[in-house]
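Hello,

Here is the structure we spoke about, for you to open alongside this note. My findings follow below it.

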Amino acid sequence: EAIKTYQLALDVAPGDMNLHLNLAHALLISGRMEEGWAEFEHRLADPAIAAIIENAPGKDWHGEPLDGQSILLLCEQGLGDAIQFCRAIPELKSKGAEVHLAGPARMERLMSSIEGLAGFHAAGGAMPKTDFHCPLVSLSHRAKYAIQVSAQAYLTAEPERVALWAARLEHPEGPKIGIAWQGNSAYGTDYARSIPLKQLARLTGRTDAHFVVLQHGPGRDQLPALAGEIPLIDFGDDVDGDAAFVDTAAIMANLDLIITSDTAIPHLAAALGRPVWMLLPFAPDWRWLLDRSDSPHYASMRLFRQTSPMDWGSALDQARRSLDLWLGSGGDPNAAADQMLGGG
């Protein structure tokens with residue numbers, strides 16, 4: 001119904017960018033990817049995105065052969081989008097391209113682990129001379145990529161950081177589960193995707209599991225009010241510093257499971273190949289589609305959805321039953337989730 005309505009509206013106002021973007025989201029969440037990606041190209045008219053692209057080196061890439069050519073991919077969305085769509089870099093490299101990536105400077109160490117990346121360049125700084133440039137999220141449209149699950153990790157935590165955090169997480173013994181609950185509070189619909197920390201108490205009743213805080217920035221202000229009520233391991237300001245996700249990735253490498261709301265955290269966990277359970281609002285972001293418990297993008301991710309708007313209890317109860325099943329039987333946490341959720 002929404003798709004038909006937006007199409008009718010565009011007959012009246014064909015140049016309205018917001019109508020095109022709303023139509024794109026409706027198509028994408030419905031699984032109509034080719035049409036949705038084409039509509040999503042209208043985001044490039046946004047002045048903030050246009051400013052990122054206008055001075056990029058080389059020609060705007062629209063699918064031309066890349067064998068022996070160089071291309072600069074531009075991060076023009078959020079951190080989660082950058083992590084999700086950088087998976088295309090090894091494939092572009094396999095086609096003979098020299099692939100560069102421009103994005104937030106604090107992501108350089110994490111992104112430098114991508115196989116086939118020739119160089120990472122801090123946004124706002126000097127850019128390499130390349131034959132082409134392309135907005136990172138536009139690859140799905142311009143390279144005609146179909147939705148495909150990434151069965152293998154394509155990001156890697158720094159080995160020395162993994163070892164450091166392994167030592168710090170050695171005690172206490174028992175299963176260790178990372179948790180995060182709050183997204184960017186400046187995001188327009190963050191109220192729907194972020195979970196009040198006190199509600200996560202539904203998951204923490206098991207004494208043989210330890211919960212490790214992966215939350216940084218907004219949301220940490222909720223911790224003092226629950227001191228002593230939820231058994232948490234919190235490393236606070238010892239994590240990440242100026243380099244985004246370097247320590248978080250290393251901590252994740254030492255965890256058995258990550259449970260989180262829809263932020264950059266689940267993208268990072270899944271890109272690292274870690275088991276991750278994501279709690280979704282009733283009306284989720286387009287990339288998670290509808291009526292499924294597996295992810296169309298990440299093999300190691302499982303989705304726990306609200307059954308009615310703003311009802312975190314329904315999603316948390318599903319996760320709690322899956323958690324009880326896993327902790328009671330051992331093995332793969334996603335196998336327990338599949339058993340409880342019916343396999344997707």
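Strand β7, residues 210-213, pairs with β8 in the parallel sense over two bridges; two strands pair if DSSP finds at least two bridges between them. Within that pairing, V212 stands opposite I233 in β8. Helices (H or I, at least four residues) and strands (E, at least two) are DSSP runs, numbered from the N terminus.

This is a predicted model, in which local features need pLDDT of at least 70 and side-chain atom pairs count only at pLDDT 80 or more, while totals for chains, interfaces and linings use all residues. Residues are numbered from 1 along each chain as its sequence is written, and side-chain values use heavy atoms, with hydrogens and water left out.

Both strands belong to an open sheet of six, ordered β8-β7-β6-β9-β10-β11, with parallel pairing. β8 (232-233) and β11 (301-305) each have a single partner strand, so one side of each has no neighbour in the sheet.

Helix α14 (residues 333-341) lies across β9 (257-260), β10 (276-280) and β11, at about 35° to β11. Contact here means heavy atoms within 4.5 Å; axes are lines fitted to C-alpha atoms, for helices over the stretch in contact, and angles run from 0 to 180 degrees between N-to-C directions.

On cysteines, the structure holds zero disulfides (a pair of cysteine sulfur atoms within 2.5 Å). The sulfur of C75 is 7.8 Å from the closest cysteine sulfur, in C86, which is too far for a bond. C75 is buried at 12% relative accessible area, and C86 is buried at 0%. Buried means under 20%, exposed over 50%, and partly exposed in between (1.4 Å probe, protein chains only).

Regards
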